[in-house]
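Welcome! Take a moment to look over the model below, and then we can walk through a few annotated positions together.

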Amino acid sequence: MKHKIAQVRAYTTRGKGADYHDQSGYHWIDDHIATPMSAYPEFRQSRQSFGINVLGTLVVEIEADDGTVGFSVTTAGEIGAWIVEKHLARFLEGAYVTDLERIWDQMYRSTLFYGRRGVVLNTISGVDLALYDLLGKLRDEPVYALLGGPVRDELTFYATGARPDIAQQLGFIGGKMPLQHGPAEGEEGMRKNLEKLADMRERVGEDFWLMYDCWMSLDVDYSVRLAHRAAEHGLRWMEEALIPDDYWGYAELKRRAPEGMLITTGEHEATRWGFRQLLETEVDIIQPDVGWCGGITELLKISAMADAHGTMVVPHGSSVYSYHFVVTRTNSPFSEFLMMHETAEEIVPMFSPLLLNEPVPENGKLKVPDTPGFGVELNPDVERIRPYSH
Ligand SMILES: C[C@H](O)[C@H](O)[C@@H](O)[C@@H](O)C(=O)O
Ligand SMILES: [Mg+2]
């Protein structure tokens, strides 16, 4: 039976959740990490100081005409809630739940005059993911089954966090550390970046993958110098070295990088058009975040284009939303797990405490659960508000 959408609702939550940079107290994810704002000394020590956590979490709920509710969480907070309630809901209510392509196209086209990327695309992604969750629940199937079914039995993970040595003990295939010092910290910062890598290499041995996440903080010249010196310590990949708009810089960095070192980027890129441009730079791995790039509907297109280009897709974070996708694609051979424990020493679900039943890797592996939709529920103990309604 074909179901129609009865109502769309948008909520916000604060603290942790899908806005995983919104942590309180000490957390490695906010401890002197190089960013584009590191050019300004007063914003170097903490990313929260320049507002990395201003958005908060957006929860999108979509209810079908039989009362079944699908939902998703992403980073978009109150702005996203306004966009859903005041603008996008009109393209959903009364439509068939299966009208994924038309709904996506109308959301994208109607927001072009103020959207294209960033928080608008995060919001469109949230709506798309909630629709997939709803469709899975209505059909009593996991989302991966809607996407064509799994191509492997379980996912393999690398870990992102301050302690690759602990990630190794926990069974991950590699550890990606945040780069802490940018070009404005000069030769001393460069030395500290290299010392940290050398120390970690010492702890994990030769074969374990070590990567540096540069979070848009470098320029081409610094990246090339860092890459060549880091190659001596077996750096496996250099991630998001440049600002996302510098496609020409990525092409140059790829040309000048040491042989064998992977150049990766894309977590702040969105839509098939953005990724088409990124693929032309010849970077080795693209890293769309399914909660930010346009949702599953758009990631399918991005992934097919990357596959034809011979480029791997290793989605950024996004927990269950990327797990259900990665398990269905051969050109997504492994997944990221973001260590949300404050010192990156223990496994904590990425969107904790917002979701119930959020699966986590055990010994670096995960069999994606076959519960309907994305297989998670909202934790009723987390306070949420509905700031707007239509
Ligand atoms: C660790 C990084 O600075 C970011 O916080 C993280 O979101 C990211 O870039 C990643 O690749 O996981
Ligand atoms: Mg990254």
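Which residues is Glu336 in contact with, leaving aside its neighbours within four places in sequence? In this predicted model, the partners of Glu336 are Phe157, Tyr158, Thr160, Lys176, Pro315, His316, Gly317 and Tyr323. With one of them, Lys176, there is also a polar contact between side chains, at 3.3 Å. Glu336 itself sits in strand 11, which spans residues 335–338. Its relative accessible area is 4%, so Glu336 counts as buried, the cut-off being under 20%.

Why look at this residue at all? An unreviewed UniProt entry carries the annotation "binding site" for His21, Arg47 and Glu336. From this set, His21, Arg47 and Glu336 are found in the lining of the largest cavity.

Now for Arg47, which is placed in the loop between strand 1 (5–13) and strand 2 (57–64). Arg47 is buried too, because its relative accessible area is 5%, under the 20% limit. Not counting residues up to four places away in sequence, Arg47 touches His21, Ile29, Asp30, Ile33, Thr35, Ile52 and Trp215. Among these, His21 makes a polar contact with Arg47, side chain to side chain, at 3.4 Å.

| Residue | Partner | Polar contact |
|---|---|---|
| Glu336 side chain | Lys176 side chain | 3.3 Å |

Key
Residues are numbered from 1 along each chain as its sequence is written. Chains are lettered from A and ligands numbered from 1 in the order in which they are written. This is a predicted model: local features need pLDDT of at least 70, side-chain atom pairs count only at pLDDT 80 or more; totals for chains, interfaces and linings use all residues. Side-chain values use heavy atoms; hydrogens and water are left out. UniProt positions are given in the numbering used here, feature names are shortened, and annotations may be inferred rather than shown by experiment. On a 1 Å grid over the protein atoms alone, a cavity is a set of points where a 1.4 Å probe fits but cannot get out, and a pocket is an open set with protein on both sides within 12 Å along at least five of seven lines; lining residues have an atom within 4 Å of a point. Helices (H or I, at least four residues) and strands (E, at least two) are DSSP runs, numbered from the N terminus. Buried means under 20% relative accessible area, exposed over 50%, partly exposed in between (1.4 Å probe, protein chains only). Contact means heavy atoms within 4.5 Å. A polar contact is a pair of N or O atoms within 3.5 Å; within protein, one must be able to donate a hydrogen and the other to accept it, and residues adjacent in sequence count only if both atoms are side-chain atoms.
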